[in-house]
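This report describes a protein chain together with its ligand.

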Amino acid sequence: WCRSGEEFRMLRTCPVLYSKAGPPTGGWQPLSFDGGAFHLKGTGELMRALLVLRLCAWPPLVTHGLAIQAWSQRLLGSRFSGALLRASIYGQFVAGETAEEVRGCVQQLQTLSLRPLLAVPTEEEPDSAVKTGEAWYEENLSAMLRCVDLSRSLLETPGPNGNILMQLKVTALTSTRLCKELTSWVRRPGASLELSPERLAEAMDSGQDLQVSCLSTEQNQHLRASLSRLQQVAQHAQAQHVRLLVDAEYTSLNPALSLLVAALALRWNRSREGGPWVWNTYQAYLKDTYERLRRDAEAADRAGLAFGVKLVRGAYLDKERDVAQLQGTKDPTQPDYEATSQSYRRCLELMLTHVSHRGPMCHLMVASHNEESVHQATKRMWELGIPPDGPVCFGQLLGMCDHVSLALGQAGYAVYKSIPYGSLEEVIPYLIRRAQENQSVLRGARREWELLSQELRRRLLGRGLRVPS
Ligand SMILES: Cc1cc2nc3c(=O)[nH]c(=O)nc-3n(C[C@H](O)[C@H](O)[C@H](O)COP(=O)(O)OP(=O)(O)OC[C@H]3O[C@@H](n4cnc5c(N)ncnc54)[C@H](O)[C@@H]3O)c2cc1C
């Protein structure tokens, strides 16, 4: 069901509108996510995956994860409890601590036709004196710049090439407090002129003193420092050919994050720059996402800017609902899972249509573990004549849904695994918080356990021999 290599090369290299190529002859065949691709993995890896995914789906372990970690450290000593974590949750979801360890993990992924999407795990703690303040953001800036270099250098390791992507969490470079303040001003009608993307982009580019009248002197100072940090990361990333995928966070911050991304896009996503170098993330679980995505895609098209989107369902459902209830405001999230999935389907269709019209000026990451969403994407790509390794790629978390990632990779699609890295002390609290936010996903990993168990039974007991599909 593949097009010929020559056909794909032409689609990739010519800036044509993919839709003009039309669907190839012959029918579309769905990929098989039956765990067949697990034969590529070692038995030890499969056993660890099964154990860790089952443990993570046990709510008390995730809810009290930090307390359990502290308790095990006291009881077993930090060396033994560290070794235990490295052999389990850290080993499953984290690439390692040093550049060499990350390189080793990425090389292994590359042999499986998977690519890295590095993520620096940072968590602001507004009540902590250490994790706030300009010095902390400057340290994060250094970590982000190192991450750009590491992402770039990983391309030089043997394996499939392609676009180099990296995740960027804006709240590692600017405070959530300022983002909340900006959000409240952006939302006010008429107050937005002073906070236009054009004005922020101009300040980023010229390095001139920016004064926003609705902010205090201290906030203005922090805004200027934040803009300078964002500009440095974007400049370095573009110079190293690394595309920055900005994470979406809470609705109390997202309008400010989008404003900053829009400012960066004006400078770094211009058509002659070969971008998009800065992408935004759209969360389908929010009621207003489809309209926002449509507006932003059309505005980028009109302005002749390249447009990059990471499309996710959204990770902060429970917190969004709790905050809305607490503040007596309208719940911004879709009423149920099916409504979120329907929104994801519409956003996906919208973006694939844009890609088919705009070609390499529009990039999309289908960041989902959901098999139906992945099927929809591959089917529509086929129908629209979008090549598997072109401006549309797929994203899954390291250590999760390998049966989906491996099948996609083996079929020639561009698949990225989101990879956190860092020391045990830095990463474990981050992982536990992510696991708390993604409880529904971890509980939904049931199918993955079944496939893992089936493959292990086959290997260890010689039962249930697989019929190659
Ligand atoms: C590479 C990558 C990058 C990511 N970046 C971000 C990011 O920047 N920001 C972010 O927020 N998330 C991000 N995520 C996480 C993502 O939003 C999802 O939490 C996660 O991928 C689960 O969605 P799914 O499509 O994989 O799976 P599914 O299991 O099909 O969907 C689970 C999701 O459905 C939604 N849902 C579940 N129950 C309900 C309900 N009752 N009502 C309404 N909706 C419901 C929730 O969004 C939940 O996370 C990223 C994920 C990946 C793989």
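An oxygen atom of the ligand lies 3.3 Å from an N or O atom in the side chain of aspartate 247. That pair is a polar contact, defined as a pair of N or O atoms within 3.5 Å; within protein, one must be able to donate a hydrogen and the other to accept it, and residues adjacent in sequence count only if both atoms are side-chain atoms. The model is predicted: local features need pLDDT of at least 70, side-chain atom pairs count only at pLDDT 80 or more, and totals for chains, interfaces and linings use all residues. Residues are numbered from 1 along each chain as its sequence is written, and side-chain values use heavy atoms, with hydrogens and water left out.

| Side chain | Ligand atom | Distance |
|---|---|---|
| aspartate 247 | oxygen | 3.3 Å |
| tyrosine 337 | oxygen | 2.5 Å |
| threonine 340 | nitrogen | 2.7 Å |

On its own the ligand has 940 Å² of accessible area, and the protein covers 89% of that. Accessible areas come from the Shrake-Rupley method with a 1.4 Å probe; for residues, only the protein chains shown count as cover.

Around the ligand there are 29 residues, of which Gly314, Tyr337, Thr340, Ser368 and His369 come nearest. A residue is near a molecule or strand if one of its heavy atoms lies within 4 Å of it. The shell divides into 11 nonpolar, 13 polar and five charged residues. Here Ala, Val, Leu, Ile, Met, Phe, Trp, Tyr, Cys and Pro count as nonpolar, Asp, Glu, Lys and Arg as charged, and the others, Gly among them, as polar. At least two residues of the shell come from each of strand E4 (278-283), strand E5 (307-312), helix H15 (317-327), helix H16 (337-358), strand E7 (392-397) and helix H20 (439-443). E7 gives the largest share, three residues. Helices (H or I, at least four residues) and strands (E, at least two) are DSSP runs, numbered from the N terminus.

The next topic is strand E2. All five of the five residues of E2 (residues 164-168) are buried, so the strand is largely enclosed by the rest of the structure. Buried means under 20% relative accessible area, exposed over 50%, and partly exposed in between (1.4 Å probe, protein chains only). Ile164, Met166 and Leu168 point one way from E2, while Leu165 and Gln167 point the other way.

E2 runs parallel to strand E1 (residues 115-119), joined to it by two bridges, and leucine 118 stands opposite methionine 166. E2 also runs parallel to strand E3 (residues 242-246), with five bridges between them; two strands pair if DSSP finds at least two bridges between them. Isoleucine 164 has valine 242 in E3 as its bridge partner.

Valine 242 is buried, because its relative accessibility is 0%. Apart from neighbours within four places in sequence, valine 242 is in contact (heavy atoms within 4.5 Å) with Val148, Ser151, Arg152, Ile164, Leu165, Met166, Ala237 and Trp277. The C-alpha atoms of valine 242 and valine 148 are 6.6 Å apart, although 94 residues separate the two in sequence.

Helix H18 (residues 402-410) has eight of its nine residues buried: Asp402, His403, Val404, Ser405, Leu406, Ala407, Leu408 and Gly409. Their cover includes helix H17 (371-384), E7, strand E8 (415-420) and helix H21 (446-461).

Backbone geometry follows. Most residues other than glycine have a negative phi, and most peptide bonds are trans. Cysteine 401, in the loop between E7 and H18, has a positive phi near 55 degrees; cysteine 401 is buried, with a relative accessible area of 10%. Just after H18, glycine 412 takes a positive phi of about 95 degrees. Serine 113 has a positive phi near 65 degrees and sits in the loop between helix H8 (99-111) and E1. With a relative accessible area of 26%, serine 113 is partly exposed. The peptide bond joining glycine 275 and proline 276 is cis, with omega about 10 degrees, and proline 276 lies in the loop between helix H13 (254-268) and E4.

For the protein chain as a whole, there are 21 helices and eight strands. Of its 469 residues, 54% count as buried. Among contacts between residues at least 6 apart in sequence, 77% join residues at least 24 apart. The accessible surface of the chain comes to about 21100 Å², and 55% of it belongs to carbon and sulfur atoms.
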